[in-house]
Amino acid sequence: MLGEHESFDRYWFALCADGDLVRLGDFGDYEAADEAAEDMGLEVIWLVCGNDAARWADTINSVRED
């Protein structure tokens with residue numbers, strides 16, 4: 001659940017080399033999210049913002065529901 005001052009369109013996720021999708025948090029831009037992932041020691045393959053991640057999840061879940 002997002003905090004009171006967080007916005008989902010500013011929320012970032014990291015797809016990591018091991019296949020995990022890690023929640024990074026609310027960052028202003030790609031560069032800030034990338035720096036946070038690096039600080040966490042993640043081996044990032046792809047960074048994705050909340051809105052894009054939600055669309056991906058909707059697509060994946062639409063196949064699972066059939």
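Tutor: Gladly! Let us start with a term: a residue is buried when its relative accessible area is under 20%, exposed when over 50%, and partly exposed in between. On that basis, 26% of the 66 residues in the protein chain are buried. Do keep in mind that this is a predicted model. The chain has a mean pLDDT of 89, with 86% of its residues at 70 or more.

To find your way around, count two helices and three strands, arranged along the sequence as β-β-α-β-α.

Now to the core itself. The largest nonpolar core has nine residues: Trp-12, Ala-14, Cys-16, Val-22, Leu-24, Ala-33, Ala-37, Leu-47 and Cys-49. In soluble globular proteins, nonpolar side chains tend to be buried together.

Cys-16 counts as buried because its relative accessibility is 7%, and Cys-49 counts as buried because its value is 16%, each under the 20% limit. As for disulfides, the count is zero.

Leu-15, Leu-21, Ile-45, Trp-46, Trp-56 and Ile-60 make a nonpolar surface patch of about 630 Å². Strand β3 (44–49) and helix α2 are the elements that each give two or more residues to this patch. One of its members, Ile-60, sits in helix α2 and is classed as exposed because its relative accessible area is 53%.

The charged pairs complete the picture, with two salt bridges found in the whole structure. In one, Arg-10 pairs with Asp-26, their closest N and O atoms 2.8 Å apart. This bridge links distant parts of the chain, as Arg-10 lies in the segment before β1 and Asp-26 in strand β2, 16 residues apart. Arg-10 is partly exposed, at 38% relative accessible area.

In the other, Arg-55 pairs with Asp-52, with 2.9 Å between the closest N and O atoms. Both residues belong to helix α2 and are three residues apart, about one turn of the helix. Arg-55 counts as exposed at 51% relative accessibility, whereas Asp-52 is partly exposed at 26%.

Terms used: Residues numbered from 1 in each chain as written. Predicted model: local features only at pLDDT ≥ 70, side-chain atom pairs only at ≥ 80, totals over all residues. Heavy atoms only, no water. pLDDT = per-residue confidence, 0-100. Disulfide = S-S within 2.5 Å. Buried < 20%, exposed > 50% of the residue type's maximum accessible area, 1.4 Å probe, protein only. Patch = residues over 30% accessible without salt bridge, like charges linked within 9 Å, V, L, I, M, F, W, Y side chains within 5 Å. Areas by Shrake-Rupley, 256 points an atom, 1.4 Å probe, with all protein chains shown as cover. Salt bridge = Lys/Arg side-chain N within 4 Å of Asp/Glu carboxyl O. Helix = DSSP H or I, 4+ residues; strand = E, 2+ residues; numbered from the N terminus. Core = buried A, V, L, I, M, F, W, Y, C linked by side-chain atoms within 4.5 Å.
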